[in-house]
Amino acid sequence: MLEVGMKAPDFTLLNQNGEEVSLKDYRGKKVILYFYPKDNTPGCTKQACGFAENYPHFQEKGAIVLGVSKDSVKSHKKFEEKYNLPFTILSDPQLEAIQAYDVWKEKNMYGKKVMGVVRTTYLINEEGIIEKAFGKVKAADNPLQMLNEL
């Protein structure tokens, strides 16, 4: 995981609408950058819906929510529409941001070792510095946890 106090690595990825989004676009705002394993899985859906449900509160506090997984733009679009997600989800099939933020790790799936995204959330301040870093977060608790951090 990246350390608190480090400059957050910049990236440019496609969002669920196929538009390019760069982290630097959000300078001057707090950014909740969360990495999750896969669209439409129980934990990831709970986490995304939690962020969606609390989105007005994040907006009140001047924070942007960005979700990142290696799923395709098309998968993200379906995920957004199915659960009415009001925030940006970014597609990272080349693992550009996923590796830059050190969340691509060996995991145990049903006794087999596989590589995958470890659910991780970063709070990045207005200057682009990592203010908080949470690894192996609990999907259902993460949105409220991040709201409390603001």
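This is a predicted model: local features need pLDDT of at least 70, side-chain atom pairs count only at pLDDT 80 or more; totals for chains, interfaces and linings use all residues.
Reader: Where does arginine 119 sit?
Author: In the loop between strand 7 (112-117) and strand 8 (120-124).

Reader: Is arginine 119 buried or exposed?
Author: Arginine 119 is buried, yet it has no salt bridge.

Reader: Which side chain of opposite charge is nearest to arginine 119, and how far away?
Author: Aspartate 39, 9.5 Å away.

Reader: Which side chain makes a polar contact with arginine 119?
Author: Glutamine 47 does. The two side chains are joined by a polar contact of 2.7 Å.

Reader: What else is in contact with arginine 119, beyond its sequence neighbours?
Author: Leaving aside residues within four places in sequence, the contacts include Phe35, Tyr36, Pro37, Phe134 and Val137. Lys136 is also among them.

Reader: New topic. How do helix 1 and helix 5 cross?
Author: Helix 1 covers residues 42-53 and helix 5 covers residues 142-149. Their axes come within 8 Å and cross at roughly 40°. The two helices are therefore oblique to each other.

Reader: Which residues meet there, between helix 1 and helix 5?
Author: Gln47, Gly50 and Phe51 from helix 1 meet Asn142, Pro143 and Met146 from helix 5. Gln47 is also the polar partner of arginine 119.

Reader: Back to charges. How many salt bridges in the whole structure?
Author: A search finds 7.

Reader: Which residue pairs with aspartate 71?
Author: Lysine 38, with the closest N and O atoms 3.4 Å apart. This pair links distant parts of the chain, 33 residues apart. Aspartate 71 is in the loop between strand 4 (63-69) and helix 3 (73-83), while lysine 38 is in the loop between strand 3 and helix 1.

Reader: And burial? Are aspartate 71 and lysine 38 buried or partly exposed?
Author: Aspartate 71 is buried, at 8% relative accessible area. Lysine 38 is partly exposed, at 44%.

Reader: What about glutamate 80 and lysine 77?
Author: Their side chains form a salt bridge at 2.8 Å, N to O. They are 3 residues apart in helix 3, so about one helical turn separates them. Glutamate 80 is buried at 14%, and lysine 77 is partly exposed at 26%.

Reader: Which residues are linked in a network of salt bridges?
Author: Lys30, Glu126 and Glu131.

Technical notes:
Residues are numbered from 1 along each chain as its sequence is written. Side-chain values use heavy atoms; hydrogens and water are left out. Helices (H or I, at least four residues) and strands (E, at least two) are DSSP runs, numbered from the N terminus. Buried means under 20% relative accessible area, exposed over 50%, partly exposed in between (1.4 Å probe, protein chains only). Lys and Arg count as positive and Asp and Glu as negative; His and the chain ends are not counted. A salt bridge is a side-chain nitrogen of Lys or Arg within 4 Å of a carboxyl oxygen of Asp or Glu. A polar contact is a pair of N or O atoms within 3.5 Å; within protein, one must be able to donate a hydrogen and the other to accept it, and residues adjacent in sequence count only if both atoms are side-chain atoms. Contact means heavy atoms within 4.5 Å. Axes are lines fitted to C-alpha atoms, for helices over the stretch in contact, and angles run from 0 to 180 degrees between N-to-C directions. Angles under 35 degrees count as roughly parallel, over 145 as roughly antiparallel, 65 to 115 as roughly perpendicular and the rest as oblique.
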